[in-house]
Amino acid sequence: MSSMTLYDKLWNSHLVKELENGTALLYIDLHFLHEVTSPQAFEGLRLAGRRAWRASANMATPDHNVPTTTSERSRGVDGIVDPVSRIQVKFLDDNCKDFGIEEFAIDDPRHGIVHVIGPEQGRTQPGMTIVCGDSHTSTHGALGALAHGIGTSEVEHVLATQCLVQKKAKNMLVQVNGALKPGVTAKDVILAIIGKIGTAGGTGYTIEFGGEVIRSLSIEGRMTVCNMAIEAGARAGLVAVDEKTISYLQGRPYAPKGELWQQAVAVWRTLVSDKDAKFDAVVELEGDDIVPQVSWGTSPEMVAPVTGKVPDPALAANDSKKGNYQQALKYMGLTAGTPIQDIKLDRVFIGSCTNSRIEDLRAAAAVVKGRKVASNIREALVVPGSGLVKAQAEQEGLDLVFKAAGLQWREPGCSMCLAMNADQLEPGEHCASTSNRNFEGRQGFGGRTHLVSPAMAAAAAVFGHFVDIRDVPLL
Amino acid sequence: MPLDRANVDTDYIIPKQFLKSIKRTGFGKNLFDEARYLDKGLPDQECTGRPLNPDFVSNQPRYQGASILLARENFGCGSSREHAPWALDDFGIRCVIAPSYADIFFNNCVKNGILLIVLDEKMVDQLFQETAATPGYTLNVDLAAQTIGKPDGSTIKFDVEASRKHILLNGLDDIGLTMQHADAIRAFEKSYKEKAPWLFA
């Protein structure tokens with residue numbers, strides 16, 4: 001048999017049937033659901049009198065729309081003040097009951113952002129195909145699973161048939177060589193990659209991330225990288241299985257046990273691209289060249305090193321880019337040539353499926369420890385990715401560190417990453433955010449987002465503007 | 001209706017506050033909400049009477065009733081929200097013409113009977129120029145013939161995958177089509193269970 005990429009292997013092992021015109025029926029091992037993109041799918045099933053094909057292959061949790069204040073959360077679903085949000089969360093509860101789907105409801109201690117709890121529980125496993133009505137499903141690729149976002153019609157399709165009609169994507173390898181300098185994180189790596197290949201650079205591809213830098217990252221760091229594959233246009237991002245993957249999974253609640261564990265591990269170890277596998281495109285970056293990144297515009301490709309300046313649209317590669325840059329600068333209220341470190345900030349958000357895991361919170365806490373939030377920062381939120389991440393952080397005393405520095409310690413959820421709940425920016429406010437999208441209005445009407453790593457966001461909170469994290473001593 | 005902007009994301013097409021609905025309809029009045037109105041839109045809000053942005057294309061009298069959207073590269077990037085095609089459809093857009101689209105958005109449109117046409121950048125640019133220069137400029141899309149008819153009587157050919165064309169022309173139910181392969185799915189599950197029993201434990 002000819003050599004295969006990891007993506008080829010995952011595709012082939014889930015191929016139910018080749019259909020006409022180059023499409024295929026692909027089997028789906030695991031389907032995550034949340035409250036925002038599932039109601040219309042359940043309604044569709046009801047109208048057609050259909051049931052779930054394999055209810056046990058689904059798992060649900062409300063995350064996009066849930067409040068993060070303890071006062072609202074202490075009363076479960078009934079405590080949600082916004083009546084529209086409350087209906088949507090209740091609707092998920094009811095739908096899961098009706099269709100026999102396991103749900104971590106809003107008051108379950110294991111509740112959290114779907115892309116955080118999947119791996120945390122060991123539901124996400126190497127070799128799986130995983131989908132969810134959310135584009136950041138690419139996160140799960142960090143464990144060697146083929147995972148991507150789908151729309152609501154496809155949510156309904158997967159519920160009803162356990163399959164999707166798919167067209168195979170092309171293979172791209174993004175190789176990050178060498179080693180990262182101290183203070184440079186997984187978030188900086190993926191922002192640098194998107195800055196290089198652009199927001200549509202991966203369209204039509206599945207990206208496998210490889211090279212010494214990716215291998216050196218923790219599983220959580222790899223999740224940050226794969227999470228933002230979609231911001232480079234690729235529906236799915238992948239990292240090959242190694243010993244880190246296997247030790248991450250061992251002992252997690254839903255991971256295989258006993259003899260099944262041995263069997264699974266033997267298969268998982270084969271989930272790497274063959275040595276001479278052919279990729280349709282290869283992109284290389286040098287880890288040593290990557291410095292902490294800050295986005296200055298309204299697309300994740302609009303990034304600059306923290307040591308740099310807001311770029312001049314006149315220097316853009318072509319007219320279309322020039323127009324985009326001008327539009328972005330106007331929206332962001334920035335002028336070309338402004339040093340990134342001079343951008344004044346109003347809020348800080350540490351959270352989201354990109355950066356709300358325990359390592360992210362540790363990195364942020366280390367920076368704010370012994371310091372205070374700067375006077376020009378109106379609000380700095382820390383929103384853990386799950387109830388278990390929150391509990392772990394509290395056990396380590398991180399909550400006390402954040403609170404002592406003047407940051408708010410919240411309940412888990414998507415929060416200000418997409419601002420569907422009350423956590424929003426005011427028009428014109430600049431926010432240092434560990435989330436994944438800096439689109440116009442993403443964090444609130446007229447809000448201005450700057451994407452950064454957790455350590456950079458924490459430093460921005462205590463200094464009131466961006467600083468090069470490499471120059472900030474830990475106290 | 002020409003929307004001269006690259007990398008239009010799905011947050012731009014339909015902002016998140018409208019995603020709280022548990023229905024599939026009624027999103028049209030909030031299509032491009034942040035660009036189209038001058039105030040901040042709220043869910044379940046009556047939109048007649050909201051201050052309009054006179055510069056935004058959908059508010060210009062000449063584009064009222066448009067069913068074809070002319071757009072730039074990487075249209076529909078970002079979130080997987082199907083509310084984006086639902087909003088386009090509810091507004092009355094049946095077809096989009098652009099140089100390229102984001103993958104998830106592309107699939108979501110097919111599921112909702114919206115035809116996405118890919119033309120090369122030069123051709124799209126020319127259509128933008130001609131639309132701007134000629135009030136009342138109208139294109140006529142014929143999916144069966146795979147042609148776009150221009151006001152001067154000339155036509156542009158476009159490609160569409162045969163399977164997508166078939167689904168669009170016949171308004172087929174995707175799930176029903178897949179259910180025809182139910183035996184193949186069961187057979188796959190059976191052999192797969194032997195190879196990966198831990199997934200069925």
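Let me start with the sheet in chain B, where four strands form an open sheet in the order 1-2-3-4 with parallel pairing; a strand here is a DSSP run of E with at least two residues, a helix is a run of H or I with at least four, and both are numbered from the N terminus. Two strands count as paired if DSSP finds at least two bridges between them. In general, strands of a sheet pair through backbone hydrogen bonds, either parallel or antiparallel. The edges of this sheet are strand 1 (2-3) and strand 4 (115-118) of chain B, each of which pairs on one side only. Strand 1 of chain B is joined to strand 2 (residues 68-71) of chain B by two bridges in the parallel sense, and B:Leu3 stands opposite B:Ala71, which belongs to strand 2 of chain B.

Before I go on, please keep in mind that this is a predicted model, in which local features need pLDDT of at least 70 and side-chain atom pairs count only at pLDDT 80 or more, while totals for chains, interfaces and linings use all residues. Residues are numbered from 1 along each chain as its sequence is written, and chains are lettered from A and ligands numbered from 1 in the order in which they are written. The pLDDT is the predictor's confidence in each residue, from 0 to 100; for chain B its mean is 96, and 100% of the residues of chain B reach 70 or more. The model as a whole scores ipTM 0.94 and pTM 0.96.

How many residues does each chain bring to the contact between chain A and chain B? Chain B brings 48 residues and chain A brings 57, where two residues are in contact if their C-beta atoms, placed from the backbone, lie within 7 Å. On the side of chain B that touches chain A, the elements giving two or more residues include helix 1 (10-13), helix 6 (162-170) and helix 8 (182-195) of chain B, but helix 4 of chain B gives the most, with five residues. That side of chain B divides into 21 nonpolar, twelve polar and 15 charged residues; Ala, Val, Leu, Ile, Met, Phe, Trp, Tyr, Cys and Pro count as nonpolar, Asp, Glu, Lys and Arg as charged, and the others, Gly among them, as polar.

Turning to chain A, we find 16 helices and 19 strands, and a C-alpha trace that spans about 55 × 55 × 45 Å along its principal axes. Of the 475 residues of chain A, 59% count as buried, a word that applies if 20 or more other C-beta atoms lie within 10 Å of a residue's own, with exposed meaning 12 or fewer, partly exposed meaning in between, and C-beta atoms placed from the backbone.

One example is A:Leu159, which lies in helix 6 (residues 152-161) of chain A and is buried because 28 other C-beta atoms are within 10 Å. Leaving aside neighbours within four places in sequence, A:Leu159 is in contact with A:Ala41, A:Leu45, A:Ala52 and A:Asn58.

Finally, which backbone angle stands out at A:Ser415? A:Ser415 has a positive phi of about 55 degrees although it is not a glycine, and A:Ser415 sits in the loop between strand 17 (408-409) and strand 18 (430-433) of chain A. A:Ser415 is buried, because 32 other C-beta atoms lie within 10 Å. A:Ala419, in the loop between strand 17 and strand 18 of chain A, has a positive phi of about 55 degrees although it is not a glycine, and A:Ala419 counts as buried with 24 C-beta neighbours inside 10 Å.
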